[in-house]
Amino acid sequence: MQFHHHGYVSTDPRILPAAGVGIDRPEELPDEVDVLIVGSGPAGMITAAQLSQFPGITTRIVERRGERLAIGQADGIQARSVETFQAFGFAERIIQEAYQITEMAFWKPDPANPSHIVRTARAVDDPMGISEFPHMIVNQARVLDYFAEVMAHSPTRMTPDYGYEFRGLTVNDADDYPVTVTLGHTTGERTGEDRVVRAKYVVGADGARSGVRQSIGCTLAGDQAFHAWGVMDILAVTDFPDIRTKCAIQSEFGSILHIPREGGYLFRMYVDLGEVDPDNKGAIRSTTIEEIIAKANDILSPYTLDVKNVAWHSVYEVAHRLTDRFDDVLPEEIGTRTPRVFITGDACHTHSAKAGQGMNVSMQDGFNLGWKLAHVLEGRSPESLLSTYSAERQVVAKNLIDFDKEWSSLMARKPEELKDPAELETFYTSTAEFPAGFMTQYEPSMLIGEATHQDLATGFPIGKRFKSAPVVRVADTNPVQLGHHHRADGRWRLYAFADAARPGEASGVSTWADWLRNSPESPLLVHTPRDAEVDSIFDVKVVYQQPHTEMDIGRVPEVFLPRVGPFDLIDYEKVYATNPESDIFELRGIDRAGAVIVVRPDQYVAHVLPLDATEDLAAFFRQNLLPR
């Protein structure tokens with residue numbers, strides 16, 4: 001964490017000084033806002049947290065509840081989400097309180113006594129080392145708390161506006177604030193009264209029954225599996241030996257997906273309730289908690305479950321549905337106008353909870369959208385940038401639903417119905433990269449370059465997230481993870497991987513650095529506002545091939561040592577050397593002749609280019625950024 005560059009700070013450096021709309025922020029919901037977010041679930045809160053970093057943008061997030069969420073239904077946090085938490089500054093703290101999944105145990109009927117279950121296999125959760133971050137379990141309410149803290153500590157001092165429900169909207173592109181939203185008070189003396197807010201953009205993060213989705217004519221289409229599950233968060237005494245290990249349990253009496261929860265005692269069970277009668281859905285929905293517990297005991301035999309306390313329970317049927325678009329632009333309007341209304345998270349895609357994807361994918365929806373809205377509203381990017389949101393995220397949602405159909409179907413089958421006795425565990429281990437959140441790969445667009453030079457950095461696939469690796473920070477000799485310094489601040493990252501020359505020697509990286517700092521065609525000069533700090537749009541870093549002991553930081557090109565703040569101080573934290581124990585050039589297949597890796601504000605690799613392809617680099621940014 002860097003601070004003091006604007007003067008000495010003796011208080012919590014995570015609490016940024018109020019600025020822009022955060023100074024004297026009105027407590028009451030304004031009549032006009034730049035962005036109105038409907039719904040304070042994971043998708044809405046991460047969008048708000050991203051937008052809260054931009055002091056010039058008025059963003060408000062409304063929620064029909066009268067207060068913060070006390071207990072959420074989602075709890076699985078995949079490693080990609082933890083990477084995202086790192087960008088928002090709270091990964092380490094949330095890891096401390098979470099339950100971490102390292103293995104999954106598989107239980108099946110005992111061949112000698114099929115009415116009893118036995119453990120048949122264990123699978124390592126991340127056998128390929130996909131991420132340095134863990135797969136973990138923590139309640140959705142705590143995730144929302146952390147994002148609320150980010151918002152409250154941001155320059156805009158954003159907080160959710162509780163007690164408003166969405167009632168409808170209209171769009172009139174002729175207005176400065178083209179989206180007129182009608183809200184209703186749900187709490188206090190004004191309960192039932194309408195409230196009208198005008199916005200430049202609206203984000204519907206209001207769940208599977210989204211009113212925003214309905215207002216823009218989108219519908220969820222898909223199918224229902226007619227299979228029900230009872231889910232319960234409980235405190236219990238049991239002799240089941242793997243009660244603190246994630247388990248897939250298949251027995252003659254049905255299946256359980258067992259997930260230990262944070263805190264050491266609580267756990268969740270998804271209990272198979274069997275097929276649903278399409279003509280009498282109410283019967284399964286009225287299943288009592290006592291019946292769910294009894295079913296769980298049947299499945300766990302010969303082990304017993306003595307439930308002492310039920311924190312939460314529900315009954316749900318598996319359904320897989322996806323909207324045809326994620327914004328208000330109709331198919332026949334594509335290319336003729338840009339969107340004004342967006343939907344995210346469960347408003348766009350619904351599926352089973354057993355793959356632990358709902359909250360995770362929803363947060364990536366919001367992360368994808370938030371910085372794009374900020375870029376357009378600040379005048380950094382053309383409005384056409386906003387059309388990439390639906391184009392990118394709908395494909396991800398479709399892949400998620402296809403994956404979840406197969407996983408939930410396997411979980412619902414009886415052991416004798418499987419083609420191979422090990423089919424469930426084989427599927428779990430062979431598809432590990434997908435549920436971890438790392439299979440997303442965006443197609444070429446104004447934000448994603450062609451893979452012409454992918455061979456220069458095979459470990460950084462274009463369109464996929466930037467996979468961190470160890471390096472050594474030269475100035476203070478600290479070993480660090482390169483990707484952990486990518487904050488959710490809306491900046492693009494330019495990683496220059498040097499050729500073999502040392503700092504001060506004529507080389508490809510020194511020529512590139514001189515071009516970036518001085519050429520009229522340089523993105524730094526073309527797109528950085530004249531009154532802004534040199535690294536306000538682009539965070540430029542360099543990684544040298546030599547160990548830090550062989551480097552003279554005083555000879556590093558000036559573009560990698562930018563001057564910041566009112567005192568024109570030097571930022572020394574952009575110069576890195578290889579870690580001798582884990583060479584990033586070897587780990588990520590980076591050509592020893594050097595390369596430039598362009599990374600988007602949401603951590604996805606946008607381009608890979610040779611050091612001398614300066615014209616291509618300039619042309620790429622002319623597609624998605626406006627001149628200053």
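Visitor: Where does methionine 151 sit?
Guide: Methionine 151 belongs to helix H4, residues 140-152. Helices here are DSSP runs of H or I with at least four residues, strands are runs of E with at least two, and both are numbered from the N terminus. Keep in mind that this is a predicted model, where local features need pLDDT of at least 70, side-chain atom pairs count only at pLDDT 80 or more, and totals for chains, interfaces and linings use all residues. Residues are numbered from 1 along each chain as its sequence is written, and side-chain values use heavy atoms, leaving out hydrogens and water.

Visitor: Is methionine 151 buried or exposed?
Guide: Methionine 151 is buried, and its relative accessible area is 0%. Buried means under 20% relative accessible area, exposed means over 50%, and partly exposed is in between, using a 1.4 Å probe and protein chains only.

Visitor: And which residues is methionine 151 in contact with, beyond its neighbours within four places in sequence?
Guide: Among them are Met45, Ala48, Ala49, Ser52 and Ile61, and also Arg157 and Pro160. Contact means heavy atoms within 4.5 Å. Alanine 49 is 102 residues away from methionine 151 in sequence, yet their C-alpha atoms are 5.1 Å apart.

Visitor: Switching to strands: what order do E3, E4 and E7 take in their sheet?
Guide: The order is E3-E7-E4, in an open sheet with antiparallel pairing. Strand E3 (76-77) and strand E4 (99-101) are at the edges with a single partner strand each, so one side of each has no neighbour in the sheet. Two strands pair if DSSP finds at least two bridges between them.

Visitor: How many bridges between E3 and E7?
Guide: Two, with E7 covering residues 135-137. Isoleucine 77 is opposite methionine 136 in E7.

Visitor: What about E5 and E6, how many bridges join them?
Guide: Eight bridges, with E5 (residues 103-110) and E6 (residues 113-124) running antiparallel. A hairpin of two residues links E5 to E6, and lysine 108 faces valine 118 in E6.

Visitor: Zooming out, how many helices and strands are in the protein chain?
Guide: The protein chain has 14 helices and 27 strands. Of its 628 residues, 57% count as buried.

Visitor: And what share of the contacts with a separation of 6 or more is between residues 24 or more positions apart?
Guide: That share is 74% in the protein chain.
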